[in-house]
Amino acid sequence: MQTVPIDPFDAPLLRNIHQITLPTPFPVGPVHTYLMRGDPLTLIDVGPQTPAALAALQAGLAGEGVALRDIERVLITHAHVDHYGLIGAVAAASGAEVWAHPLAQPMIEGWPAYQVAYDQFWLELLLAAGVPAGLAQRTAGLYQRMQQLIGHAPVTRLLDEGDVISLAGAHWQVLHCPGHADSLICLYQPDDRLFLGNDHLLAHISSNALVGPPPPGERVRRRPLVDYWASLCRVYDMEIALVIPGHGDAVADVRSLVKSRFQFYERRLARLLQELRRGPQSVWQLVEAIFRRLDETDTYLAVSEVLGHLDVLENKRLVRLQADDAGIWRYSLC
Ligand SMILES: [Zn+2]
């Protein structure tokens, strides 16, 4: 697989795109935001709400001769804390418009009902997954602790599949690519075949398809890895010269990367089927069979990942789910 730094001379359009990298307190490492020169002056993603990220953002902008107050529009690619946490501070300092997908709106605006639902969703899901009660409580509490890394602002325009927006002096197509997050959008510039991919496709790690509560107005949780699979297929079929990412290096050879991701998922699906040959098992039993020693953050990611793969197997009718008398989900082979 070929990964490349963003070279400002590869495509003229790249001269209007400036990567500003901010620290995060998460295992994923630093996050990239992008200053897009043009009318309006736009920032893509803002980083988590930490003093270090804010200082790095201000320094990065200053290096381009721009102050926070100059930003006219912020585009949030998806509602994950490392990408939108600073939105309250940035919107307050600049008065910028805030554009995002409708499914990101409850998080960016901080709808109280949605936050309560999120808390309850995770605790119930972890208990149904068979996670021991103490660890489930601590893991569900992560969401609350995360709130200090998030500020809020009104979303002034909703972006969705099929929209075309002007950015950095060119026209970009908006693609809704659910999976890593329900609310995730990518932007594609067909003339230069540039793809602003944020966390949809990353060179150094496979993007986690994170399980979350049903969006407002829906009753059943979505199946993020099933969605992600479809979103990856879609990108595989596109003509893309360069993926400009949310973390790590840019990606030139998209098809090799997508193929390697599918191979990773296929191996994990095979491993789960192998474990289930021993009889019905809870999500947590499967997590413990695959991963070692987990802290709260790892528990959240590992349960999400295993559940995502079980969703795929269930969707293919290879496994079925039944709750036992204690309400714990047991998966078995069909
Ligand atoms: Zn993300």
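A donor here is an N, O or S atom within 2.8 Å of the metal (3.2 Å for Na, K and Ca), and water is not among the atoms, so sites may look incomplete.

Before the site itself, some ground rules. This is a predicted model, in which local features need pLDDT of at least 70 and side-chain atom pairs count only at pLDDT 80 or more, while totals for chains, interfaces and linings use all residues. Residues are numbered from 1 along each chain as its sequence is written, and side-chain values use heavy atoms, with hydrogens and water left out.

Now the zinc ion. Which protein atoms are its donors? They are NE2 of H78, ND1 of H80, NE2 of H180 and OD of D199, lying 2.1 to 2.4 Å from the zinc ion. The angles among these four donor atoms run from 86 to 173°, and the site is irregular. Along the sequence the donor residues follow the spacing H-x1-H-x99-H-x18-D. H78 sits in the loop between β5 and α2, and H180 in the loop between β9 (170-176) and β10 (185-189), so the pair ties together parts that are 102 residues apart in sequence. For those labels, helices are DSSP runs of H or I with at least four residues, strands are runs of E with at least two, and both are numbered from the N terminus. H78 and H180 are both buried. Buried means under 20% relative accessible area, exposed means over 50%, and partly exposed is in between, using a 1.4 Å probe and protein chains only.

Next, helix α10, which covers residues 296-315. Axes are lines fitted to C-alpha atoms, for helices over the stretch in contact, and angles run from 0 to 180 degrees between N-to-C directions. Angles under 35 degrees count as roughly parallel, over 145 as roughly antiparallel, 65 to 115 as roughly perpendicular, and the rest as oblique. Contact means heavy atoms within 4.5 Å.

One partner is α6, residues 133-146, which packs against α10 at about 90° with the axes 9 Å apart. The two helices are therefore roughly perpendicular. On the α6 side the residues are L135, R138, T139 and L142, and they meet E296, T297, T299 and Y300 of α10. By class, this contact has three nonpolar, three polar and two charged residues. In that scheme Ala, Val, Leu, Ile, Met, Phe, Trp, Tyr, Cys and Pro count as nonpolar, Asp, Glu, Lys and Arg as charged, and the others, Gly among them, as polar.

Another partner is α7, residues 224-236, with an angle to α10 of about 75° and axes 7 Å apart. Here P224, L225, V226 and W229 of α7 touch G308, H309, D311, V312 and N315 of α10. Five of these residues are nonpolar, three are polar and one is charged.

Then comes α8, residues 254-276, whose axis comes within 10 Å of that of α10 and crosses at roughly 85°. The α8 residues in this contact are F264, Y265, R268, L269, L272, L273 and L276, facing E305, V306, H309, L310, V312 and L313 of α10. This contact divides into 10 nonpolar, one polar and two charged residues.

Moving to helix α3, residues 87-94, which of its residues are buried? I87, G88, V90, A91 and S94 are. The elements they pack against include β4 (42-44), α1 (51-63) and β6 (97-100). After α3 comes G95, with a positive phi near 70°.

Last, some points on the backbone. D39 and P40 are joined by a cis peptide bond, with omega about 0°, and P40 is in the loop between β3 (31-36) and β4. N198 is a residue other than glycine with a positive phi, near 35°. N198 belongs to strand β11, residues 194-198, and is buried at 4% relative accessible area. R317 is also not glycine, and its phi is positive, near 60°. R317 is in the loop between α10 and β14 (319-323) and is exposed, at 68% relative accessible area.

Technical notes: Tetrahedral: all angles 85-135°; square planar, octahedral: opposite > 155°, others 65-115°.
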